[in-house]
Amino acid sequence: MASLEIRALTKKFGDVTVLDHIGLVIQDGEFLVLVGPSGCGKSTLLNIIAGLESETCGEILIDGRAVNDVHPKDRDIAMVFQSYALYPNMTVRKNITFGLKVRNTPGPKIEEMLAAVSDLLKIGSLLDRKPAQLSGGQRQRVAMGRALVRDPSIFLFDEPLSNLDAKLRVEMRTEIKKLHHRLGTTIVYVTHDQTEAMNLATRIAVLHQGRIQQLGAPQHLYDHPDNLFVAGFIGSPAMNLLPGSLSSSDGGLYFRPGDGEDLIRVDHYPFREAPADGAPVVFGIRPECVTLPREVEGQARFEVELVAEAVETNGFDKHVAFAYGASELIGRLPAKAGLVAGQPMRVGFDLSGISIFDRRSERRL
Amino acid sequence: MEPDFSRPDSAFAVSRWFQANLPRIVVAPSFVAVMVFVYGFIVWTAYISMTRSKLLPRYDFEGFFQYGRLWSMDRWQVALENLFVFSGLFIFFCMALGLLLAILLDQRIRVEGALRTIYLYPMALSFVVTGTAWKWILNPGLGIEKVVQDLGFTDFQFNWLVDPDLAIYTIVIAGVWQSSGFVMAMFLAGLRSIDQEILKAAYMDGASLPKIYLRIIIPSMRPVFLSAFVVLAHLAIKSFDLVIVLTRGGPGYATDMPATFMYAMAFQRGRIGLAAASATIMLMTVMAIMVPYLYSELRRKRDE
Amino acid sequence: MSAILHDRFINRMTLGRWVLFAVLGLFVLYYLTPFYVMTITSLKSLDEIRDGAFMGLPQSVTFDAWGKAWNTACVGIQCDGLKGYFWNSVRMAIPAVLISTLIGAINGYALTKWRFPGANLIFALMLFGCFIPFQVVIMPMARLLGLMGLAGSIPGLVLVHVVYGIGFTTLFFRNFFITVPDELVKAATMDGAGFMTIFWRILLPISLPTVVVTVIWQFTQIWNDFLFGVSFSAGGGQPITVALNNIVNSSTGVKEYNLDMAAAIIAGLPTLLVYVVAGRYFVRGLTAGSVKG
């Protein structure tokens, strides 16, 4: 087990800056998920931590020791790859023990470690098969076994679940979570799937355009996104983002969406800095806060009549697309809510968990 | 244990450098070999072609004198003319036969594997071996001529092999027989790689089978035609073995080709300057075909 | 052709089906006839060749021509048959095939999995070497072999075939290794394996089909080569293709056609055998070698 620190890490490919002054401190035993759209640099960052790619500048410290010039094999790190990267010519047993053999681990010790890992991952019956004879989920387990067997101080996961079908992905997610609880090893996990990130992480780092947009606990990111990118990226369906402006009248502070006439009261919103009157802002509200008026509890509420344009049922609730001025607004209504597409209906906004962003800087106000 | 990189340990530094550069080190011998044996030798030959070298190389630069001599030689003119006739016919018949066989084989024939094996086996043989067989078959007096005469056509004559005007066509016959199966394999692979959904769509649109072939399948195989053309042109320009075995360039030098011309000048006539000039022209011809092709192939790969 | 076109068009036309088979059958005859003629001629006596039917089966089968071709046929002035030349070809082909295949494998591995600056340029330069007409290098090669004391020797021919085979072998392996995910090498690096360990323990074992394709391709090329053989060898050190040509084109004495045919079959048998046994790999090599990249 170990802590990991990244200091001012920059990576350039020619003129293109892939990672821009990344700073991260990952505590011992933490499960950190690096999440972001494809091309955001997350896999590059992981490869640099592993030592598979070199940094342009910056430092990587494991347990306080700089490892920039240390060969990957000496960093005490193990990695699970997206394609699993199992050696196709070797049996599962040989796949798992290859790393130990290359390091000249004594035979009895290898057997002991292999037994422990195959017990833990329940792959004892697969040991003499070749990767081609395994299902996706089994390959995933073997890939993890190969990483686990070396008992490394840090685990790196590079999109390990993206090649699995939806059902198996959920299963393996739980599996990885349990494994982390049991072993308590530091994990850095890369994914583009924000749901996976939310489910697994103790902390999430959202990466975009080579920079860390926000770092924090999953719930914190969900409730208090630091900027428009994080607001749009975390959560599914995504947060509704309505452009408009702030205005104060009758002694209250209101949000006026676009060129509409509505005034939504936002007095209760904990502004980080006092906003100017008429400031152009983006108003963010999660779909679950756009629902039937009777579902909304508390004082901070707003009601409006909207037309439902499309309704998607998914069993436990309904996702409804409303036209609101020039924008579209997604709401989540109870499954039993009777509504017809094309009909106007009363909709309530729960304003207790809104986010407001500066339209120019895109930062949270 | 973590090695200490700050310590100036020269043996360790060398081994570390060695490890880091291993990929380059293993490729280096091949790279050097290619630079010397391909590019160095090309430069040598090109330079010799601009000297008055005869039996032994001389290194005094004389400009394009050998080229002028070459172009004024009747034998070289005949060689070029032969190359032109041979490549034209060879490429045309190989393509036509190859495409026909590929389309026929593509009709879900149960014994396709066996047929393919038979059509393609000449490609596994040396031109020297197949040339020997054809020399016998085309033999005036005992070969095909005799077969037809035995059938009752006693006046039948087939002496192309020894006729200076017709001997070149015997080389075409043998060459097409040897290489057409290979062109078939290329076309068959091309036919098999066509998107099946396009064919279904064409069928739904009501196209007939010949129309589907003419309008959709064959046009979409343009890259295969190009590849086949390049491979065949390359084979034609390099053709040497077949000519030597079948006719030795004769009668006289009636079936000489640039490749045999070059060989005769270099190793039999002791005129290496002239041989170098002809070899350089061969290289230019091949490059004129290969370079644009490779360039477009690489570009296509990059675009995909 | 797709199942749908087949079902819709072909199955309906029984007549068309018969025509199709007839045409395909004619082509079978076209391709097999030369081989048939070679075989029957090699089994006939010289008298029967002169008087009997050209296409007819031998009236009395005799292996005299085969024995003579192998043991006593005259190649130039020596009359020891083809056997010595056959073994020359074996001694030339086997080391040349193994060495060029191994070099190609390592090159392909280093150029795809350890891409260093200039790797693509080096590959392009090697690839171009596959396409030159060899006439442009045989004169300097002959001089160099002379200077190295390798002129007319089997090791000299091995060297030539290795040098000019590297381009193709590298191409084959590069095209295979480029399809192997880089993650495999990354995983092995994390496991602690170095450049050579990864090659021997992982990449070479998984490239076995490519090894087969390359070995077959190289063997066919080298065994069938004539230009290098005739340019760089002399007397008893010649490969079998050159010896065969000398027998066939010798102008002295009575022309023994049965001997020529037996000799040609002997010279062609090894590659033919490889083709029959491993035709699938042979075709793969052909198409990989032609549809470049």
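Buried means under 20% relative accessible area, exposed means over 50%, and partly exposed lies in between, with a 1.4 Å probe applied to protein chains only. By that rule, helix 13 (residues 258-268) of chain B is mostly covered, with nine of its 11 residues buried. The structure is a predicted model, in which local features need pLDDT of at least 70 and side-chain atom pairs count only at pLDDT 80 or more, while totals for chains, interfaces and linings use all residues. Residues are numbered from 1 along each chain as its sequence is written, chains are lettered from A and ligands numbered from 1 in the order in which they are written, and side-chain values use heavy atoms, with hydrogens and water left out.

**Helix 13 of chain B**

- Helices (H or I, at least four residues) and strands (E, at least two) are DSSP runs, numbered from the N terminus.
- The buried residues of helix 13 of chain B are B:Pro258, B:Ala259, B:Thr260, B:Phe261, B:Met262, B:Tyr263, B:Ala264, B:Met265 and B:Ala266.

- B:Ser49 is in the loop between helix 2 and helix 3 (65-72) of chain B.
- B:Ser49 counts as buried because its relative accessibility is 0%.
- A polar contact is a pair of N or O atoms within 3.5 Å; within protein, one must be able to donate a hydrogen and the other to accept it, and residues adjacent in sequence count only if both atoms are side-chain atoms.
- A polar atom of the side chain of B:Ser49 lies 2.6 Å from the backbone oxygen of B:Ala46.
- The side chain of B:Ser49 also makes a polar contact, at 2.7 Å, with the side chain of B:Tyr67.
- Contact means heavy atoms within 4.5 Å; leaving aside residues up to four places away in sequence, B:Ser49 touches B:Gly63, B:Gln66, B:Tyr67, B:Gly273, B:Ala276, B:Ala277 and B:Thr280.

**The interface of chain B and chain C**

- The size of an interface is often given as the accessible area lost when the parts come together.
- Buried area is the accessible area (1.4 Å probe) that two parts lose on being put together, summed over both.
- Between them, chain B and chain C bury about 8700 Å², and 77% of this area is on carbon and sulfur atoms.
- On the side of chain B, the residues that lose the most area to chain C are B:Phe37, B:Arg108 and B:Trp136, which together account for 8% of what that side buries.
- Chain B brings 100 residues to the contact and chain C brings 93 residues.
- Helix 2 (residues 22-48) of chain B gives the most to the side of chain B that touches chain C, namely 16 residues.
- Ala, Val, Leu, Ile, Met, Phe, Trp, Tyr, Cys and Pro count as nonpolar, Asp, Glu, Lys and Arg as charged, and the others, Gly among them, as polar.
- By these classes, the side of chain B that touches chain C has 71 nonpolar, 15 polar and 14 charged residues.

**The domains of chain A**

- Domain bounds come from an automatic or database domain assignment, which gives chain A domain 1 (4-233) and domain 2 (240-358).
- The centres of domain 1 and domain 2 of chain A, taken over C-alpha atoms, are separated by 39 Å.
- Eight residues from domain 1 of chain A and seven residues from domain 2 of chain A take part in the contact.
- About 710 Å² is buried between domain 1 and domain 2 of chain A, and carbon and sulfur atoms give 49% of it.
- The count between domain 1 and domain 2 of chain A is one salt bridge.
- The side chains of A:Arg272 and A:Asp226 meet in a salt bridge at 3.1 Å, N to O.

**The domains of chain C**

- For chain C, the domain assignment gives domain 1 (3-62) and domain 2 (83-290).
- Domain 1 and domain 2 of chain C bury about 730 Å² between them, 82% of it on carbon and sulfur atoms.
- In domain 1 of chain C, C:Met38, C:Ser42 and C:Leu46 lose the most area to domain 2 of chain C, together 59% of what that side buries.

Note on methods. Salt bridge = Lys/Arg side-chain N within 4 Å of Asp/Glu carboxyl O.
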